[in-house]
Amino acid sequence: MNTSIIKSFLSFFLLASPFLKIEAKNVKQEKPNIIVILADDLGYGDLVCYGGTKLETPNIDRLAANGIRFTSGYAPAGTSTPSRYSLLTGQYAWRKKVSILPGTAPMSISQKSLTLAGMMHQAGYATGCVGKWHLGLGDGKLDYNKLVKPSPNDIGFDYSFIFPATNDRTPCVYMENGKVVGLDSNDPIQVSYGKPVGNWPTGLEHPELLTLKYKQGHDQTIVNGVSRIGYMTGGTNALWKDEDMTDVLTGKAVNYIRQNAQKPFFLYFATHSIHEPRIPNPRFKGSSECGVYGDVIQELDWSVGEILKTLEEMKIRKNTLIVFLSDNGSAVRFEFGYKDGGLENLNGHEPAGVLKDDKNSLYEGGTRTPFIVSWPVRIKPAVSDAPVGFIDLFASFAKLLNVNLQEGDAPDSRNALPVLLGKATKTKHNEVLIQNDGGKLAIRIGDWKFIPKESYGKDELYNLRNDISEKLNVAEGNSEIVKNFRRRLEVIRNTPNVRK
Ligand code: CA
């Protein structure tokens, strides 16, 4: 055979081989799949890649090692609902007075506003939502026995498999595309956050029935031996089993990836881990060296590992952009929730690492959390200390996908793409605004962090470069910085659109 015959044979082979064709198609596909994994109440020090030593988190560590691990990454708020609201709307939640919601609250996100999922949809993506919702459902006359509208499916997601509020709140059921899964119409669900409904026992009246005792507040209807916030009755066949939640939710996320592997997809995977009640599957019980708190983190790590494994199996890992986040800092030090021994068995583990305070605080432990971005075909592994808030993911992804945001769309989200891709050491705005559940504010600009006296009673200023633990308030000696930061906060409060 001469050379030209060999060449034509080779080109015939290349064109004819279905396997090579698929590979070539995958390489050509420019739009990455995008997965946002949002953990619940995971603290800054809770992963080995962020300094944890009493537990093992090999899968999330691998994700970090293959991407950018941000050491100054922030949730927009210190609690669940406002943080999630800002992620999905690109708007500061305090503007709409959105705070922690009961399981009977109406949908907090307007159907008129463009959501992160809606924006992805515009860019041609399949959009899925799996896990914790906690953003309200329905139009104010919520009936869990009917198709609930609006649900995530009405604000930009093609597919949703969620649980409505939190894993310590009623109703303790899953919903798929707006309908309670496994509901028997002869056993209708009632939910109440006011007067008790039905005759199911409560933790307050029947503590002898509890397999997990509550500390405070969580003393209403008992489901699976755990008393919850809120009352419910009915829907017995639809009730979740706490120890199976990670398996169920991970399974749904994995299915979603498998079913959508051939098109660009966006998956919002919001885990119930590591929020209370901390009830790991028996195979993770006692698996860490820091008690049940570490066990549920290891279970979360397993879940992330299943996602990675699925992407690898489907041969789409390299062009999948994964962002791993937590909605707020650790809650294990709270005298709230359940007596699960979490706090007592930490064994030296530091949930917030070197940071001050925990969930719901304006100090760093409230919102500075694990923040990892991995996209093997585009991002070189690195560690970045650029201040970056995840409210900026909306505008950054819009930029990446060439979607033009209109003035009212994601009004407080600004492009941080160069930082997220490792092409810049700081964002143009270099600013992160954070809030607690009551809507009190703090602001970080560059290395400086300012908490105005309206928040905790006195002006506080910290230089995070020298004082990451916020030990030394230097507001007094830096009146000019305080004045400027106060002015900046006023501008943000009075400008409905920070991205101009
Ligand atoms: Ca949370």
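Visitor: Which protein donors does the calcium ion have?

Guide: The calcium ion has as its protein donors Asp40 (OD), Asp41 (OD), Asp327 (OD), Asp327 (OD) and Asn328 (OD1), at 2.2 to 2.7 Å. Donors here are N, O and S atoms within 2.8 Å of the metal (3.2 Å for Na, K and Ca), and since water is not among the atoms, sites may look incomplete. This is a predicted model, in which local features need pLDDT of at least 70 and side-chain atom pairs count only at pLDDT 80 or more, while totals for chains, interfaces and linings use all residues. Residues are numbered from 1 along each chain as its sequence is written, and side-chain values use heavy atoms, with hydrogens and water left out.

Visitor: How are those donor residues spaced in sequence?

Guide: Their spacing is D-D-x285-D-N.

Visitor: And is Asp327 buried or exposed?

Guide: Asp327 is buried, with a relative accessible area of 0%, and Asn328 is buried with a value of 0% as well. Buried means under 20% relative accessible area, exposed over 50% and partly exposed in between, using a 1.4 Å probe and protein chains only.

Visitor: Changing topic, why is helix α4 called largely enclosed?

Guide: Because 10 of the 10 residues of α4 (residues 80–89) are buried, the helix is largely enclosed by the rest of the structure. Helices (H or I, at least four residues) and strands (E, at least two) are DSSP runs, numbered from the N terminus.

Visitor: What does it pack against?

Guide: The buried residues of α4, among them Arg84 and Tyr85, pack against β1 (33–39), α5 (116–122), β4 (126–132), β13 (265–270), α9 (393–400) and β19, where contact means heavy atoms within 4.5 Å. After α4 comes Gly90, whose phi is positive, near 65°.

Visitor: How many residues are in the largest nonpolar core?

Guide: That core has 110 residues, and those with the most contacts inside it are Trp133, Phe266, Tyr268, Phe324, Phe371 and Phe397. Such a core is a set of buried Ala, Val, Leu, Ile, Met, Phe, Trp, Tyr and Cys residues joined through side-chain atoms within 4.5 Å. Helix α7 (residues 291–313) gives the most to this core, with 8 residues.

Visitor: And what does Phe397 touch?

Guide: Leaving out residues up to four places away in sequence, Phe397 touches Ile34, Val36, Leu116, Met119, Met120, Leu321 and Val323. There is also a second, separate core of 14 residues, which includes Tyr92, Ile391, Val482 and Ile492.
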